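Below are some notes for a colleague who is meeting this structure for the first time. Please read them with the model open beside you.

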Amino acid sequence: MKELTLKEISELVDGRLAGPEDLKIRAIAPLDQAGPGEISFAVGTRLKDKVLETRASALILPQNWSMESPVPSVFVKDPYLAFAKVLNFFISKPFLAKGVMEGARIGQDASIEKEVTIYPGAYIGDRVKIGKRVTIYPGVFIGDDCEIGDDSTIYANVTLYSKTVIGRRCIIHAGAVIGSDGFGFAQDGLSFVKIPQVGRVVIEDDCEIGANTTIDRATFGETRISKGTKIDNLVQIAHNCNIGENTIIVSQVGIAGSTSIGKNCMLGGQVGVVGHIKIGDRVKIGAQSGVAQSIPDDSIVSGSPAVPHRVWLKVSSLVKRLPELFKEVSSLKKAVRELKKEGIDGSQ
């Protein structure tokens with residue numbers, strides 16, 4: 001069983017320790033479920049009642065915690081980040097290489113490191129390159145000429161079309177489809193002629209792609225997801241898009257073709273983005289927004305069409321008053337009509 005002393009935890013999360021350095025912790029748990037030998041965390045004083053009642057042996061608390069802690073504590077700038085680091089320590093397991101298991105299909109001239117786990121039912125195409133400590137689950141299809149970097153995990157029923165490149169330490173969740181054809185057609189009268197999609201998808205290091213997300217290959221060149229980007233379930237990214245580093249894209253976002261999204265952006269759930277525009281760095285887009293034009297760096301927008309967030313808040317507050325305002329306008333119009341009947345106009 002893994003253990004950390006409270007001193008080791010404070011060093012791991014860069015926190016200030018208040019309590020015995022040698023106190024041993026074996027797990028992390030929620031405030032109302034933690035018990036002896038476990039550590040828990042609180043992000044703010046709204047949880048003070050649960051903090052006072054917790055049976056945890058220790059706590060992770062914010063630096064500005066204003067109450068006396070009932071148990072030994074580590075005070076940190078960001079308790080949620082500290083929680084993530086400690087939880088990762090306790091759940092992490094050394095990689096266990098099971099090799100290429102019976103029932104996996106391996107194509108010609110595939111280059112596969114010895115230290116891998118490839119489960120039965122996986123299909124590996126010709127000339128595929130697979131790095132060290134890669135895990136590929138049952139039902140995965142990997143087309144010809146794909147590359148998968150070290151320490152990546154490809155969960156069940158993922159489809160990687162040919163030429164797809166997956167970087168190091170990536171996680172691709174079940175059912176994702178990466179490298180399918182971009183949606184490109186030329187109109188010929190009343191019918192359509194398919195435009196061949198001959199590019200590829202490149203996913204850089206440390207990315208995570210959610211379940212049933214789809215990322216289309218480029219018409220020419222690349223669709224690129226830059227390093228550190230995290231994409232939720234059920235997201236559609238069209239051909240020739242370029243997603244910047246460390247960007248967050250939440251569930252049900254749809255991004256049309258040839259759009260560029262900058263670094264450190266955040267797109268809320270169900271955001272829709274038109275094609276051929278540029279979204280700058282550090283942009284935040286509220287849930288269900290419709291983005292129809294380029295957005296400069298450091299903007300915060302909401303609504304459909306998307307406008308500056310503060311403007312959208314004002315508009316949203318006015319929407320609630322529309323019935324009342326309609327009645328007022330109707331009443332004023334009626335009063336004007338009555339004045340006109342009496343021969344009185346606004347100039348008198």
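This is a predicted model: local features need pLDDT of at least 70, side-chain atom pairs count only at pLDDT 80 or more; totals for chains, interfaces and linings use all residues.

1. Residues are numbered from 1 along each chain as its sequence is written, and side-chain values use heavy atoms, with hydrogens and water left out.

2. Five strands form an open sheet of mixed pairing in the order E2-E7-E6-E5-E4, where strands (E, at least two residues) and helices (H or I, at least four) are DSSP runs numbered from the N terminus, and pairing requires at least two DSSP bridges between two strands. Strand E2 (16-18) and strand E4 (27-28) are at the edges with a single partner strand each, so one side of each has no neighbour in the sheet.

3. E4 pairs with strand E5 (residues 38-41) in the parallel sense, over 2 bridges, and Ala27 stands opposite Glu38 in E5.

4. Helix H3 (residues 79-91) lies across E4, E5, strand E6 (58-62) and strand E7 (73-76), and runs at about 145° to E6; contact here means heavy atoms within 4.5 Å, and the angle, on a scale from 0 to 180 degrees, is between N-to-C directions of axes fitted to C-alpha atoms, for helices over the stretch in contact.

5. The largest pocket has a volume of about 610 Å³, and of its 17 lining residues the closest to its centre are Ile91, Ser92, Lys93, Phe95 and Thr153. A pocket is an open set of points on a 1 Å grid over the protein atoms alone, where a 1.4 Å probe fits, with protein on both sides within 12 Å along at least five of seven lines, and lining residues have an atom within 4 Å of a point; the volume is the space filled by probe spheres set on the points, which are joined across faces, edges and corners.
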